Amino acid sequence: MKIQTVEMSALKTKLPATLTCLCLIISTSLVNQAKATSNANRIDNSTNNINNKTNNINPIYQKAKTQLPPDFYALYRIVDRLSRANEYDGRPWQIVRSAKYDTQAFAKNANLIPIYNGVLEQLGGDASALACMISHEMAHHKQRHQVITNIEKAGIITQIREEAIAQVLNRKRKTSPVAIIGDFVVRRVIGGTIGTVVNGVLDNRNNRRFRKQQKRVNAIVEKKTVELEKNILKQSREDEFEADKIAYLASVKAGFDKQGCLRAMSVLNITKGVKFDENHPTIKERIAALKVVMEKSKNESLIAEGKDNLFQTQPLTYNLSANQTSLRVNSRHGASIGDDIDRMFGS
Ligand SMILES: [Zn+2]
C-alpha cells in the first residue's frame, strides 16, 4: 500500500604586523641575519607556492576557466571536488541556475542541483558556503529523498478512501454493493473532495443506511489523511536535517572550510526570495542540529580520506548548455559510453 511507504517511509591568525623592539642597540649583523633568514623563508615559501600551483595546474581546469562563465566555473570546480572526494562521481550532475528559490527543485530531475541566483549573489565569493549548499542538494539525491507533491498526495488520499470503502463494505456484507459502487463511479469521474460530493450523492439517494456508511468512510479517510499529513511533515523535516548533516561531512571531506555550512545558513537567512514551506525546519533549528554534527564529526580522518580519493581520480569533464543556463558535470566515465571506451582502450 502506498500509504505505508510514506509512513515507513581559517582562521589564519595574523601575527601582529608590528613588533615593538625595546632594544636601542641592535647589532647590524643580527639585523642582516634576520633579514637573510626572512628572505630565505620567503623564497622557500614562494617556491612551495609555485610548486603547489604547478602541481595543481590541470589542463581541464585551465580550459574550464577560459570556457565557462565565472559562476559556472566555480560551480564546476565545487561539484568536481565534492564528487571525487566523496565518490559521487559514478553519476553525472546537472547544475541549473534558477531565478526562483524552490526547496523541492532537486526532486524534479535525477541529479539536478538547482542554484538560486539570489543566493549566489549573496555569497560574496564564499566557495565553502556555496560548496555546502551544493552538497546539500547532492545529499537529497544520494539519499533518494522523495518529495510528495500535491498530486501524489491526492492519489494517496484516493487510495485511502478506496480502502476505507472496502473496509466498511466488508463489515456490512449485507449492504448492496451497488450503492457503494455508485459512489465510487461518481467520485472517480468528479474527483470530489472528502465528504462533499459523496454526501451530495447520499442526500439524493436519501438512504439512511448508505449515509451511515459514508459517515464511517469519511471518518476513516479524515483520520488517515491527518496521519498522512503528519508523516509527510515528519519525513520532510528528517530529510532536511539528514541532507544538512551529509552536506557538512561531504564538504569537509572535500577539503572545504568547516564553518562553510554555518555561513551558508546565514546567507539563506538574509537572501530575499528564500522561503521555506511549512514542512521545512527553520534556519535556527537547522543551525542547532548542524552544530551537534560539527562537534561529533571526526574531521581529520574525513579530510585524509577525501584527499586520497581526489589524488586517485582525474578532474571530471563537463558540458555547458548552449544557452549557458545549465552545466553538466560528467561522471568519471566521461560524457558518453563512447568516451568511456576511448578512455579505457584508446581512441
Ligand atoms: Zn533540502
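Which residue in strand 4 does tyrosine 318 stand opposite? Tyrosine 318 faces valine 329 across the pairing. The model is predicted. This briefing covers its strand pairing and its nonpolar cores.

**Strand pairing**

- Strand 3 spans residues 318-320 and runs antiparallel to strand 4. Three bridges join these two strands.
- Strand 3 and strand 4 make a hairpin, with five residues between them. Glutamine 324 sits in the turn and has a positive phi of about 60°.
- Strand 4 covers residues 326-329. Strand 4 also pairs with strand 1, in the antiparallel sense, over four bridges.

**Largest nonpolar core**

- The largest nonpolar core holds 40 residues. Val79, Leu82 and Ile134 touch the most other members.
- Helices giving two or more residues to this core are helix 4 (70-86), helix 6 (127-142), helix 10 (208-253) and helix 11 (260-270).
- Strand 1 (93-98), strand 2 (112-116) and strand 4 (326-329) also give two or more residues each.
- Helix 6 supplies the largest share, eight residues.

**Contacts of isoleucine 134**

- Neighbours within four places in sequence are left aside here. Isoleucine 134 is then in contact with Ile78, Val79, Leu82 and Ile113.
- Two of these partners, Val79 and Leu82, are named with Ile134 as touching the most other core members.

**Second core**

- A separate, second core has six residues. Among them are Ile156, Ile160, Ile165 and Val221.

Conventions
Residues are numbered from 1 along each chain as its sequence is written. This is a predicted model: local features need pLDDT of at least 70, side-chain atom pairs count only at pLDDT 80 or more; totals for chains, interfaces and linings use all residues. A nonpolar core is a set of buried Ala, Val, Leu, Ile, Met, Phe, Trp, Tyr and Cys residues joined through C-beta atoms within 7 Å. A residue is buried if 20 or more other C-beta atoms lie within 10 Å of its own, exposed if 12 or fewer, and partly exposed in between; C-beta atoms are placed from the backbone. Two residues are in contact if their C-beta atoms, placed from the backbone, lie within 7 Å. Two strands pair if DSSP finds at least two bridges between them.
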